[in-house]
Amino acid sequence: MSKVEEIKEKGNKCVKDEKFVEAVLHYSEAIKLDKNNAALYSNRSLAFLKMEQLNLAYEDAQKTTKLLPGWPKGYFRKAEIEFKAEQFEKAIISYQMALALTPQDEKIKECIKIARLKWNQQEKSEQRTPWKGAFFGFLIALCIVIGDQVAKTPTLNHWIIMLLFPTVFGAIGCAIALWYLNLTRNQRKAALDKIPDLFEDSQTRKHS
């Protein structure tokens, strides 16, 4: 057994024992000795995924598919991370690429079904979000109006103001819901963004 395989097996054992940090260290050590070994990047990607370090897991998964584009496991690993980040549309594409390389794999077919179901649920939920915001804004305003009218000295005396009040609050609620929806989408996207290598950037500036 080569030195690389020996270190890799240590990493595999750590994954089985759920010692994911140690596994990452072993795989990283092996990668230093064999930087073009796709299996090492794939295994380290899994360890990062188990640690919920999605950025690093995704980077290794992409490296895996780049080094070995004909290996279905690389695309499957990539899809798993995209699924975890709730980027279901991307996950479906990656699963389909894995399936194209191994058409009889029932597990991948099932994963595609689940990802499609989750994507549909996500789409429907996002479509309802602005309406939910508008409804809650309207409901809050309605409670304020009713509370004002039952008070001894109502401040909302004109019927136009009473009609505008819920409309304005509904619009505000809708705007807040849209802002939150956009924030959630950006967070999902950022979950897989590559983490800048500050050390590498500083070294580049020194030599420029």
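**Exercises on a predicted helical model**

I160, L164, V168, I172, I176, W179, Y180 and L183 make a nonpolar surface patch of about 790 Å². A patch of this kind joins nonpolar side chains (Val, Leu, Ile, Met, Phe, Trp, Tyr) within 5 Å, taken from residues with over 30% relative accessible area and no salt bridge. The areas come from the Shrake-Rupley method with a 1.4 Å probe.

The model is predicted: local features need pLDDT of at least 70, side-chain atom pairs count only at pLDDT 80 or more, and totals for chains, interfaces and linings use all residues. Residues are numbered from 1 along each chain as its sequence is written, and side-chain values use heavy atoms, with hydrogens and water left out.

**Exercise 1.** Find the helix that holds I172, and decide whether I172 is buried, partly exposed or exposed.

*Solution.* Step 1: I172 lies in helix α8, residues 159-190; helices are DSSP runs of H or I with at least four residues, numbered from the N terminus. Step 2: buried means under 20% relative accessible area, exposed over 50%, and partly exposed in between (1.4 Å probe, protein chains only). Step 3: the relative accessibility of I172 is 43%, so I172 is partly exposed.

**Exercise 2.** Describe the surroundings of R44.

*Solution.* Step 1: R44 belongs to helix α3, residues 38-50. Step 2: R44 counts as buried because its relative accessibility is 15%. Step 3: leaving aside neighbours within four places in sequence, R44 is in contact with V24, Y27, S28, I31 and D60, where contact means heavy atoms within 4.5 Å. Step 4: V24 and R44 are 20 residues apart in sequence, yet their C-alpha atoms are 5.6 Å apart.

**Exercise 3.** Trace the salt bridges that involve E126.

*Solution.* Step 1: a salt bridge puts a side-chain nitrogen of Lys or Arg within 4 Å of a carboxyl oxygen of Asp or Glu. Step 2: E126 pairs with R185, the closest N and O atoms being 2.9 Å apart. This pair links distant parts of the chain, with R185 in helix α8 and E126 in helix α7, 59 residues apart. Step 3: the side chains of E126 and R188 also meet in a salt bridge, at 2.4 Å from N to O. Here E126 in helix α7 and R188 in helix α8 are 62 residues apart. Step 4: both E126 and R188 are buried, whereas R185, at 39% relative accessibility, counts as partly exposed.

How values were computed
Patches are made of residues with over 30% relative accessible area and no salt bridge: like charges are joined within 9 Å, nonpolar side chains (Val, Leu, Ile, Met, Phe, Trp, Tyr) within 5 Å. Helices (H or I, at least four residues) and strands (E, at least two) are DSSP runs, numbered from the N terminus.
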